[in-house]
Amino acid sequence: MNLLAKLKIDPFLLIMICVVVIASLFPCEGDIKVAFQYLTTAAIALLFFMHGAKLSRESIVAGIGHWRLHLMVFSSTFILFPIIGLGLHFMVPSWMSPTVYMGFLYLCALPATVQSAIAFTSVAGGNVAAAICSASASSILGVFLSPILVGFLMDEDGSQAMDTLNAIGSILLQLMLPFVVGHLARPLLANWMSRNRKLINITDRSSILLVVYVAFSEAVVEGIWQRIDAFSLFMIAVVSCIILFIVMMLNIIAARLFKFSKEDEITIVFCGSKKSLANGVPMANVLFPASIVGVILLPLMIFHQIQLMVSAVLAQRYANRLTK
């Protein structure tokens with residue numbers, strides 16, 4: 001574990017890679033596949049129920065007045081990222097396959113993370129209250145905006161990968177309804193959840209792993225490893241680094257141009273450059289055909305690890321500057 005910490009590698013990502021390997025060797029098929037699909041639907045509903053129950057109204061109110069900062073973060077998450085995603089079209093098909101490109105478009109349409117964005121803002125000495133508000137609001141808005149953005153981006157690309165209206169209906173039923181019910185139930189569950197944080201965390205991550213297993217099982221049956229080679233994985237990593245660098249640099253420049261404080265700049269950088277694996281995995285399962293979900297998720301999984309590694313280094317640099 002110490003070695004992983006030094007290398008800035010997320011242990012959960014290693015577990016996820018193991019799940020992908022297991023799915024590649026032992027994909028679920030037939031009646032077992034049907035059972036797993038029902039189990040996955042229930043797990044996704046539970047995951048978003050827990051998201052809703054964990055969201056504190058007090059934390060939202062604490063930073064809600066800082067509208068200029070939130071506007072910067074939302075613009076980065078839901079405008080800048082999609083523009084960059086569309087700009088990657090010149091790489092198809094010489095540098096990446098159309099399906100991998102769809103994965104990047106999907107990545108660019110997702111909301112920001114909540115936990116890691118807040119954690120890195122705190123480590124770096126940023127405005128934590130504003131980070132809590134921005135990240136939480138981004139997560140909620142993403143449930144509505146991400147399907148619309150995905151539909152728009154896919155239509156622009158001409159791939160017609162999803163029906164936007166049906167996708168929004170599915171999102172409302174399978175994700176937003178459990179989220180709202182969970183948030184309404186928060187007064188009843190708050191004390192129990194605070195006492196059982198480890199259990200909640202295990203439940204959240206187990207749900208994501210289950211979705212990944214089912215998605216990659218279907219992808220393996222459809223021949224994912226005949227379509228995705230080592231060069232494709234390398235290109236996904238390179239493009240992920242380029243996207244993250246562009247977004248972080250533009251956020252830093254914009255924060256200084258509009259004369260935000262150093263604490264607010266930190267919040268803008270970390271909240272405006274993240275993409276949520278926790279929201280992205282189950283949402284992809286709802287939005288896309290099962291046959292392509294595995295490929296769609298590859299850019300998100302690789303980008304997720306890169307954003308954690310880069311953010312860990314950058315947060316420490318900000319913290320050292322503030323200390324000096």
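Me: How many helices and strands does the secondary structure of the protein chain come to?
Reply: This is a predicted model, where local features need pLDDT of at least 70, side-chain atom pairs count only at pLDDT 80 or more, and totals for chains, interfaces and linings use all residues. Residues are numbered from 1 along each chain as its sequence is written, and side-chain values use heavy atoms, with hydrogens and water left out. Helices (H or I, at least four residues) and strands (E, at least two) are DSSP runs, numbered from the N terminus. On that basis, the protein chain comes to 16 helices and 0 strands.

Me: What percentage of the 324 residues counts as buried?
Reply: Buried means under 20% relative accessible area, exposed means over 50%, and partly exposed is in between (1.4 Å probe, protein chains only). Of the 324 residues in the protein chain, the buried ones make up 52%.

Me: Is I17, in the nonpolar surface patch, buried, partly exposed or exposed?
Reply: Patches take residues with over 30% relative accessible area and no salt bridge, joining like charges within 9 Å and nonpolar side chains (Val, Leu, Ile, Met, Phe, Trp, Tyr) within 5 Å. The patch here, about 570 Å², is made by L14, I17, V21, I22, L25 and F26. I17 lies in helix 2 (residues 11–25). With a relative accessible area of 42%, I17 is partly exposed.

Me: Which residue forms a salt bridge with E218?
Reply: Side chains of opposite charge can pair when their charged atoms come close. A salt bridge is a side-chain nitrogen of Lys or Arg within 4 Å of a carboxyl oxygen of Asp or Glu, and by this rule there are 3 of them. For E218, the closest N and O atoms are 2.6 Å apart, and the partner is K33.

Me: How far apart in sequence are the parts that E218 and K33 tie together?
Reply: E218 is buried at 12% relative accessible area, whereas K33 is partly exposed at 24%. E218 sits in helix 11 (residues 197–221) and K33 in helix 3 (residues 30–54), so the parts they tie together are separated in sequence by 185 residues.

Me: Which residues are linked with E265 in a network of salt bridges?
Reply: E265 is buried, at 2% relative accessibility. Its side chain meets R256 (3.1 Å, N to O), and it also bridges to K262, with the closest N and O atoms 3.4 Å apart. E265 and K262 are 3 residues apart in helix 14 (residues 262–272), so about one helical turn separates them. The residues linked with E265 in the network are R256 and K262.

Me: How many of the 11 residues of helix 14 are buried?
Reply: The buried residues of helix 14 include D264, E265, I266 and F270. The helix is mostly covered, and its count of buried residues is 9.

Me: Which residues is Q307 in contact with, leaving aside its neighbours within four places in sequence?
Reply: Q307 is found in helix 16 (residues 290–323) and counts as buried, at 0% relative accessibility. Contact means heavy atoms within 4.5 Å. With those neighbours left aside, Q307 touches T113, L244, S273, K274 and K275.

Me: Which residues is M91 in contact with, again leaving aside neighbours within four places in sequence?
Reply: M91 is found in the loop between helix 5 (67–87) and helix 6 (98–109). It is buried, with a relative accessible area of 9%. Apart from those neighbours, M91 is in contact with M96, M235 and V239.

Me: Which residue takes a positive phi just after helix 7?
Reply: Helix 7 covers residues 115–124, and its buried residues include I118 and F120. Just after this helix, a positive phi of about 90 degrees is taken by G125.

Definitions and conventions
Accessible areas come from the Shrake-Rupley method with a 1.4 Å probe; for residues, only the protein chains shown count as cover.
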